[in-house]
Amino acid sequence: MSYNLCDYNEVNKILKKYGFTFSKAMGQNFLINPDVCPAMAQELGADEHTGVLEIGPGIGVLTKELCKVAGKVVAVELDKRLYPVLEDTLSECDNFELVCGDVMELDLSEIINTHFDGMTSVKVCANLPYYITSPIIMTLLESEFAIDEIVVMVQKEAAERLCAEMGTRKAGAVTAAVRYYGVSEVLFEVGRESFMPSPKVDSAVIKITLSSSDEFEIEDKKAFFALVRAAFSQRRKTLVNSLSSAMPYSKGDVTNALKKIGLSESVRAEKMTMEDFVALTKILSEQADGK
């Protein structure tokens, strides 16, 4: 049976049929705006040789659109109550497969390698729950899975942070991670009225195009990200104070390193570019090794 998953009344009927109620703890808000999911699917530039991993398919409104453009779609869903719903709403999609479980606990590398064998490209597309946006994106980036693009809907504020320019007030540690692994952009905004039930905030769809090269030539990635996290952990403080309190560097060490790259000892993390952080990490590491 074919369902209109963007029709409020029809969606209500489906949910009542399976006795489903929304879970605030899981951040469940189902899209009912008919324009959003087709637009997200088209942004992927997918074809019959593309595999798409979806996280949190809900009742399948985005999944249905992904199945139209991709060779195979695999969705990971935590909520067991949605399994029979998805079996029903996606019964006509023969290129869809459901993986049951928590995306933060499953072996995504094995899922990608097993389910997308033979695909020339693998992408991630999802309407991410607000409460777990950053952990999921960081897992996708840091694990360096065989994916080349991420198109996700997130809270508008998170989108601005993920796609911010380094050296600006909206930038944070997650901004640096996104910039290290690729290039991000906000595609379009999605109003809160596009969901049922309506959340209290607006959303935005972003795209992260991943790069296979190390643009910034970071010698010690672990040290770099440790420094970035420490720098933004107390962003109201100067970099000298935040790094000396969170890392094994004295205020003198940090001050001297900043001077070497031409920055003031009063500089804060939000004013640092990627190049600044790379240079600072290298100098502080060299100073530590020289002691």
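Visitor: Which residues does leucine 140 touch, not counting residues up to four places away in sequence?
Guide: Leucine 140 touches Ile55, Leu108, Val124, Phe145, Ile147 and Ile150, where contact means heavy atoms within 4.5 Å. One word on the basis: this is a predicted model, in which local features need pLDDT of at least 70 and side-chain atom pairs count only at pLDDT 80 or more, while totals for chains, interfaces and linings use all residues. Residues are numbered from 1 along each chain as its sequence is written, and side-chain values use heavy atoms, with hydrogens and water left out.

Visitor: How many residues are in the largest nonpolar core?
Guide: That core has 68 residues, and Leu140 is among those with the most contacts inside it, along with Ile147, Ile150, Leu239, Leu243, Phe277 and Leu280. Helix α9 (residues 221–233) gives the most to this core, namely seven residues. Another core lies apart from it, with 38 residues, including Phe30 and Val205. A nonpolar core here is a set of buried Ala, Val, Leu, Ile, Met, Phe, Trp, Tyr and Cys residues joined through side-chain atoms within 4.5 Å. Buried means under 20% relative accessible area, exposed over 50%, and partly exposed in between, with a 1.4 Å probe and protein chains only.

Visitor: And helix α6, which of its residues are buried?
Guide: In α6 (residues 133–142) they are Thr133, Ile136, Ile137, Met138, Leu140 and Leu141. Helices are DSSP runs of H or I with at least four residues, strands are E runs of at least two, and both are numbered from the N terminus. Isoleucine 137 has a relative accessible area of 0%. Beyond its neighbours within four places in sequence, isoleucine 137 is in contact with Leu128, Val152, Leu162 and Ile208.

Visitor: What happens to phi just after α6?
Guide: Glutamate 144 takes a positive phi of about 50° there, in the loop between α6 and β6 (149–155). Most residues other than glycine have a negative phi, and most peptide bonds are trans. Glutamate 144 is partly exposed, at 49% relative accessibility. Glutamate 217 also has a positive phi, near 50°, and is exposed at 65%.

Visitor: Which residues does a cis peptide bond join?
Guide: Methionine 196 and proline 197, with omega about -15°. Proline 197 sits in the loop between β8 (195–196) and β9 (203–210).

Visitor: New topic: what is the volume of the largest pocket?
Guide: About 480 Å³. Of its 30 lining residues, Met26, Ile55, Gly56, Asn127 and Pro129 are the closest to the centre. On a 1 Å grid over the protein atoms alone, a pocket is an open set of points where a 1.4 Å probe fits, with protein on both sides within 12 Å along at least five of seven lines, and lining residues have an atom within 4 Å of a point. Grid points are joined across faces, edges and corners, and the volume is the space filled by probe spheres set on the points.

Visitor: How much space lies in the second largest pocket?
Guide: About 310 Å³. This pocket is lined by 14 residues, and Lys24, Gly27, Gln28, Asn29 and Pro199 lie nearest its centre.
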